[in-house]
Amino acid sequence: MGWLLKILHEASVNEEGKLDIKALLNAIQKEFPNHAVPKGDFDVQQMGTTLQDVIVPELFNPYVLNRTMELFSLLNSGVMVNNTEFDNLLDISNVKKTKGPSKEEMQVPSNWKPVYEAKQIRIVAFKHRLG
């Protein structure tokens, strides 16, 4: 934040004795990219660790599922029963992962396909005469 304080101390005052806001904003916009840090990098610098370092999905997801089932009142009452057949159907490790289009591919209009059928819609105007 020292760079911002330096810019504020060096801010110019116009003929009316007021702060030159445009010049101040231009100076900040010019200097900001030199000092900005992406949030992910800032978090790693501050904490020294990331969420991915702490949570291992292969261990965490089954734990959350089992803990939720233990605490779920309908399951404990016997109204619902845990079924391993459904668990296997919901297992996302078997899902085939596909890569979506790149930004360059998204910018080409011919790559876009309509998601609806074009329909002919008639618009009828009713005109009433009073009198």
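The protein has eight helices and zero strands. The model is a predicted one. Colour the chain by secondary structure and follow it from the N terminus: the elements run α-α-α-α-α-α-α-α. Now switch to a surface view. Of the 131 residues of the protein, 3% count as buried. For contacts between residues at least 6 apart in sequence, 19% join residues at least 24 apart.

Stop 1: Select residues 2–9, which are helix H1, and residues 21–35, which are helix H2. These helices pack at an angle of about 160°, and their axes lie 10 Å apart. An angle over 145° counts as roughly antiparallel, so H1 and H2 are roughly antiparallel to each other. Their crossing is right-handed.

**Stop 2: the side chains between them.** Show side chains on both helices. On the H1 side, select Trp-3, Leu-4, Ile-7 and Leu-8. On the H2 side, select Leu-24, Ala-27, Ile-28, Glu-31, Phe-32 and His-35, which the H1 residues meet. By type, the residues of this contact divide into eight nonpolar, one polar and one charged. Glu-31 is the charged one, and His-35 is the polar one.

**Stop 3: the aromatic pair.** A search of the whole structure finds one aromatic pair. Trp-3 and Phe-32 form this pair, with 6.2 Å from centre to centre and 55° between the planes, and the arrangement is tilted. The pair links distant parts of the chain, as Trp-3 sits in H1 and Phe-32 in H2, 29 residues apart.

Why is the pair called tilted rather than stacked or edge-to-face? Stacked needs planes under 30 degrees apart and edge-to-face needs over 60, so the 55° of Trp-3 and Phe-32 falls under tilted.

Stop 4: Is Trp-3 buried or exposed? Trp-3 has 17% relative accessibility and therefore counts as buried, because the cut-off for buried is under 20%. Move on to Phe-32. At 46% relative accessibility, Phe-32 counts as partly exposed, because exposed would require over 50%.

How values were computed: Residues numbered from 1 in each chain as written. Predicted model: local features only at pLDDT ≥ 70, side-chain atom pairs only at ≥ 80, totals over all residues. Heavy atoms only, no water. Phe/Tyr/Trp six-rings, centres within 6.5 Å; stacked < 30°, edge-to-face > 60°. Helix = DSSP H or I, 4+ residues; strand = E, 2+ residues; numbered from the N terminus. Buried < 20%, exposed > 50% of the residue type's maximum accessible area, 1.4 Å probe, protein only. Axes fitted to C-alpha atoms, helices over the stretch in contact; angles between N-to-C directions. Parallel < 35°, antiparallel > 145°, perpendicular 65-115°, else oblique. Left-handed = near helix turned anticlockwise from the far one by under 90°. Contact = heavy atoms within 4.5 Å.
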